[in-house]
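Have a look at the model first.

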Amino acid sequence: MRAAVGILCALTFLVSCSHGARVVSGQTVCQGTPEHPCYKIAYFRDVSSRVAFREAQHACDMDGGSLLSIENTAEQKHIEHLLQELSVSTSNGDTSGSGITDGDFWIGLTRVEDETAQEPGNFASCPNLYRWTDGCVSQFRNWYADEPSCGGEACVVMYHQPTALAGPGGPYLYQWNDDRCNMKHNFICKYEPESYLVKVQSDTPGGPDVDLSSEEQEERRTPPIDQDENPLLIMPGPSSMLLIYVIIPTIPLLLLILVASGTCCFQMLSKSTPRTKTSINQSTLWISKTPKIDSGMEV
């Protein structure tokens, strides 16, 4: 669960998440010309919210990038500069905790599977088995002293432990170390240069048309409705649920009451109507007589 929350925080780059992790970085940084790649640093103050190697790789992929590959010394120095900028507030004694402190970063370097490399006497071949996950073929490496140690450690981090005591290879800052892939760390994503993204969009058939209004472009991006497809399933709201579960089941009962009432009324009317025929002499018509007039004439 914590790993899932960590990935969610890394993708959305929120200020905080449910486990208290704080992402003090996360904006995509594009420095230099449009020919240079862009980077995004995901740092979690809460150690429990950091992620394993595969989770970090998946987070970068979902965000449109890939785990960091470093092609040369200049790019290595550029990443170090970005991390130093994020550490400035901490090094200056800022008590707000807005900067980054100890916490290594996953980069996109991992060892390919080769059982012979782990056999005794084959240590020399192990460092040559590391490959960049984004397909980069650069052979640039910046290992810490006595690294990689190989064995069961097949994924690579960039050291970032400014408060740790220096070791045989100096401070544990920015050099690389192989680690177990299930360990929890921060990570750095890398994105294609802006010029490459623009070229891909322009080469795509039916790409964005600058002459169209925003409404027309939105209509083009909206796929047409296929009449053969199944209709959308619309979930009923509270009023519809009331109609379905309360009113409809009472219809048979209402019909039964209506039929019973009609039957009773019919029987009552039948009983009130005489069933024998009435003769002419027994007619219910009355012949009224007027009183005699003084003149002695009878009407």
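We start with the ground rules, then go from the whole chain to the details.

This is a predicted model, where local features need pLDDT of at least 70 and side-chain atom pairs count only at pLDDT 80 or more, while totals for chains, interfaces and linings use all residues. Residues are numbered from 1 along each chain as its sequence is written, and side-chain values use heavy atoms, with hydrogens and water left out.

The protein chain has six helices and seven strands, taken as DSSP runs numbered from the N terminus (helices: H or I, at least four residues; strands: E, at least two). Read from the N terminus, the order is α-β-α-β-α-β-β-β-β-β-α-α-α. Of the 299 residues, 31% are buried; that means under 20% relative accessible area, with exposed being over 50% and partly exposed in between (1.4 Å probe, protein chains only).

Most residues other than glycine have a negative phi, and most peptide bonds are trans. In the loop between β4 and β5 sits Asp146, whose phi is positive, near 65 degrees. Asp146 counts as exposed because its relative accessible area is 68%. That loop, between β4 (130-132) and β5 (155-160), also holds Pro148, and the peptide bond from Glu147 to Pro148 is cis, with omega near 0 degrees.

Tyr174 has a positive phi too, near 75 degrees, but this residue lies in strand β6 (residues 173-179). Is Tyr174 buried or exposed? With a relative accessible area of 10%, Tyr174 is buried.

The largest pocket holds about 190 Å³. On a 1 Å grid over the protein atoms alone, a pocket is an open set of points where a 1.4 Å probe fits, with protein on both sides within 12 Å along at least five of seven lines; lining residues have an atom within 4 Å of a point. Grid points are joined across faces, edges and corners, and the volume is the space filled by probe spheres set on the points. Among the lining residues are Pro37, Ser66, Glu71, Asp134, Cys136, Lys190 and Tyr191.

Finally, look at helix α6 (residues 238-272), where Ile257 lies. Ile257 is partly exposed because its relative accessible area is 46%.
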